[in-house]
Amino acid sequence: MDFALTEEQTAIFDMAKAFGEEHIAPHAHQWEKDGTIPKALWSEVGALGLGGIYVSEESGGSGLGRLDATLVFEALSMACPSVAAFLSIHNMCAKMLDTFGDDHVKEQFLAPAITMDKVLSYCLTEPGSGSDAAALKTRAERSNEGYTLNGTKAFISGGGYSDTYVVMVRTGDNGPKGISTVVVDDGTAGLSFGGLEDKMGWKSQPTRQVQFDDCKIPAANLVGSEGDGFKYAMAGLDGGRLNISACSLGAAQSALTATLQYMSERKAFGKSIDQFQALQFRLADMEIELQAARTFLRQAAWKLDQGAPDATKFCAMAKRFVTETGSKVANECLQLHGGYGYLADYGVEKIVRDLRVHEILEGTNEIMRLIVARQLLAENA
């Protein structure tokens with residue numbers, strides 16, 4: 001059993017980390033104040049091949065694995081988890097288009113997404129359907145001209161900002177088998193957006209409701225087959241859960257690194273506070289927990305790459321464990337900074353705020369426990 005990264009994987013991590021340090025970290029606080037990420041950043045990200053990280057090489061993507069992707073998101077999140085998480089959403093959409101889209105969808109929507117000339121948003125959640133995603137009500141009525149969409153999506157990262165929206169809609173009866181996936185370009189008549197949400201964290205990501213009022217799209221904008229959209233949406237979530245876990249891991253690691261530096265400089269009672277044994281134990285516990293989380297995450301990613309039958313269970317377990325560990329470590333780092341940890345200048349309070357939502361999105365951690373429990377019971381039956 002070899003836990004070491006390959007030379008290529010190490011290079012991938014180092015590349016993403018260096019890019020984040022140069023192009024993201026110096027601007028993260030300003031982008032948070034502005035409430036947006038400059039579009040110019042994405043062309044640079046696309047040039048590195050990060051617009052289609054695990055899109056197949058045949059479709060023009062980088063063709064990397066899920067473990068490789070976790071390295072990218074862990075590294076980028078050391079600079080800013082909000083920016084990294086937004087890129088994760090884009091890549092989740094791109095993978096859906098690559099796996100299930102026909103040639104038209106790939107040419108029209110996937111190709112510019114890989115270069116990040118078009119930024120993608122994922123539209124599943126609705127005001128009345130969060131964890132119960134199969135209860136979504138946004139409807140797409142079929143006609144000779146295509147589809148007419150009516151409904152509302154909620155909590156959409158990139159709402160009013162992205163260029164293209166990958167939308168789960170109801171084309172049939174109630175339940176998961178009545179759901180399909182379509183693609184809607186920004187500027188389509190009948191597509192509009194709610195007001196900017198004022199969030200606790202992820203403030204650099206514009207988040208709005210996405211509204212469809214007799215929004216007409218061509219039939220060719222259907223992804224895959226009618227009735228399979230819920231299956232497509234769920235297939236994307238295993239990888240999304242790994243990515244968001246990696247974002248928690250990288251940001252928490254950067255918080256710990258900053259805390260070590262701060263404690264080596266902060267003096268109390270005649271010596272630096274990293275010399276107090278009680279505080280050293282707290283540092284040790286955080287390092288242990290982050291290393292355990294990293295190993296667990298990479299095991300789950302490996303299983304997803306291998307197509308293991310228990311991959312979904314491991315992705316759910318890793319998502320629950322890693323995101324909660326990341327939040328716990330970040331909060332502990334804030335505490336060890338004392339009053340300075342509460343100030344924006346030190347960066348730790350932003351990490352605490354940004355990571356909190358990771359326990360909610362991509363399936364709440366309560367749903368992760370439900371997935372694990374159901375599989376345990378099924379295995380025991």
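Leaving aside its neighbours within four places in sequence, which residues is Asn91 in contact with? Here is a short tour of the predicted model, with that question taken up along the way.

1. **The chain as a whole.** The secondary structure comes to 11 helices and 10 strands. Along its principal axes, the C-alpha trace spans about 80 × 50 × 40 Å. The radius of gyration is 21 Å, and this agrees with a compact globule of 381 residues, because such a globule would have a value near 21 Å.

2. Buried residues make up 54% of the 381 residues in the chain.

3. **Contacts along the sequence.** Take the contacts in the chain with a separation of 6 or more: residues 24 or more positions apart account for 73% of them.

4. **Charges.** If you colour the model by charge, you will find 35 positive and 49 negative side chains. The centres of these two sets lie 6 Å apart.

5. **Asn91.** Back to the opening question. Asn91 has its place in helix 5, which covers residues 81-100. Beyond its neighbours within four places in sequence, Asn91 is in contact with Leu50, Gly51, Gly52, Ile53, Tyr54 and Phe73. Asn91 counts as buried because its relative accessibility is 0%, with the cut-off for buried at under 20%. For a sense of distance, pick Leu334: Asn91 and Leu334 are 243 residues apart along the chain, and their C-alpha atoms are separated by 31 Å.

6. **The largest nonpolar core.** This core has 95 residues, and the members that touch the most others are Ile24, Leu41, Trp42, Leu97 and Tyr122. Helix 7 gives the most to this core, with 15 residues. Another core, of 16 residues, lies apart from it and has Val167, Val169, Val184 and Ile217 among its members.

7. What does Leu97 contact, leaving aside its neighbours within four places in sequence? Its partners are Val105, Lys106, Phe109, Leu110, Leu120, Val166, Val183 and Val223.

8. **Thr259.** Helix 7 runs over residues 229-265, and Thr259 lies in it. Is Thr259 buried or exposed? Thr259 is buried, because its relative accessible area is 0%. Setting aside neighbours within four places in sequence, Thr259 is in contact with Leu283, Cys333, Leu336 and His337.

9. **Two backbone angles to check.** Most residues other than glycine have a negative phi. Trp202, however, has a phi near 50°, a positive value in a residue other than glycine. Trp202 is found in the loop between strand 6 (191-193) and strand 7 (207-217), and it counts as buried because its relative accessibility is 5%. Asp214 also belongs on this list, with a positive phi near 50°. Where is Asp214 found? Its place is in strand 7.

Notes:
Residues are numbered from 1 along each chain as its sequence is written. This is a predicted model: local features need pLDDT of at least 70, side-chain atom pairs count only at pLDDT 80 or more; totals for chains, interfaces and linings use all residues. Side-chain values use heavy atoms; hydrogens and water are left out. Helices (H or I, at least four residues) and strands (E, at least two) are DSSP runs, numbered from the N terminus. The radius of gyration is taken over C-alpha atoms; the globule rule is 2.2 Å times the number of residues to the power 0.38. Buried means under 20% relative accessible area, exposed over 50%, partly exposed in between (1.4 Å probe, protein chains only). Contact means heavy atoms within 4.5 Å. Lys and Arg count as positive and Asp and Glu as negative; His and the chain ends are not counted. The place of a charge is taken as NZ of Lys, CZ of Arg, CG of Asp or CD of Glu. A nonpolar core is a set of buried Ala, Val, Leu, Ile, Met, Phe, Trp, Tyr and Cys residues joined through side-chain atoms within 4.5 Å.
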